[in-house]
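My entries follow in the order I made them.

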Amino acid sequence: MSWIDSFMPDYLRISLRARVEPTVKHITKNLNNGRLTAVDENSGELVVSELARQSIVSEYHYLDIPIGELIATQAAQNPGFDFYSMNLDDVLLFGESKYIAATTAHNSALKQIVDFRNNKKDDKDLITVNPFIPQDRKVAFQNYCNGQKGYIAAFASKNESNDEQINKLERNKYFKQLVDCTELICVAIDV
């Protein structure tokens with residue numbers, strides 16, 4: 001939780017700590033107090049979210065924003081997107097993660113993004129991400145109001161080649177509904 005102290009004013013630190021502490025306890029329990037030996041239904045979505053978020057930040061140098069589980073108001077199963085980022089052009093990205101033990105979960109992640117977009121969950125989550133956007137990059141919110149926003153579909157992958165996954169994604173009806181956004185990133189996490 002040390003990152004909270006690095007960039008937030010006192011009043012936001014107090015608020016965020018109140019949100020984060022119960023969630024950290026819940027996550028710790030689901031990850032078997034740091035002794036997780038295999039991904040399961042309790043930990044899968046969280047692991048996919050964090051690995052996808054880390055890969056976007058490290059590979060593309062996009063903004064590092066904590067996962068939704070930590071910054072949303074509920075202690076678990078946040079009601080909005082699972083993670084967030086912002087690209088180098090100050091476009092906000094909303095990430096959704098899915099884990100299904102028996103199969104690749106791309107359809108579930110893409111469907112959830114389409115449902116969230118239809119229900120304006122991205123609009124609702126703007127207040128959640130606002131404190132994590134640097135002051136000199138707040139133009140991202142104007143960009144958002146001008147229709148510039150993106151999504152990240154992160155999903156557990158099961159024994160499929162990159163070509164197989166790309167073919168499935170390109171044929172997916174939910175993927176086709178999202179190609180009009182400013183940026184769409186799909187991240188397969190091999191589990």
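I call a residue buried when its relative accessible area is under 20%, and exposed when that area is over 50%. The model is predicted, and I read every entry below with that in mind.

Entry: helix α6. I looked up which residues of α6 (residues 121-129) are buried, and found Asp122, Asp125, Leu126, Thr128 and Val129. They lie on the same side of α6, because they cover an arc of only 160 degrees around the axis. I noted the general rule that an α-helix has 3.6 residues a turn, so residues three or four places apart point the same way. On the other side of α6 I found Lys124 and Ile127 exposed. I then checked what covers the buried residues of α6: the cover includes the helices α4 (68-71), α5 (106-118) and α7 (139-145), together with the strands β1 (83-86), β2 (92-98) and β3 (149-157).

Entry: Ser157. I placed this residue in strand β3. Its relative accessible area is 1%, so I list Ser157 as buried. Its side chain makes a polar contact with the side chain of Gln165, at 2.6 Å. Leaving out residues up to four places away in sequence, I found Ser157 touching Thr104, Gln165, Ala188, Ile189, Asp190 and Val191.

Entry: Ser49. I located Ser49 in helix α3 (residues 44-60). Ser49 is buried too, because its relative accessible area is 4%. I found its side chain in polar contact with the side chain of Ser97, at 2.9 Å. Apart from neighbours within four places in sequence, Ser49 is in contact with Ile67, Asp82, Phe83 and Ser97.

Definitions and conventions:
Residues numbered from 1 in each chain as written. Predicted model: local features only at pLDDT ≥ 70, side-chain atom pairs only at ≥ 80, totals over all residues. Heavy atoms only, no water. Helix = DSSP H or I, 4+ residues; strand = E, 2+ residues; numbered from the N terminus. Buried < 20%, exposed > 50% of the residue type's maximum accessible area, 1.4 Å probe, protein only. Polar contact = N/O pair within 3.5 Å; in protein donor to acceptor, adjacent residues only side chain to side chain. Contact = heavy atoms within 4.5 Å. Arc of directions from axis to C-beta.
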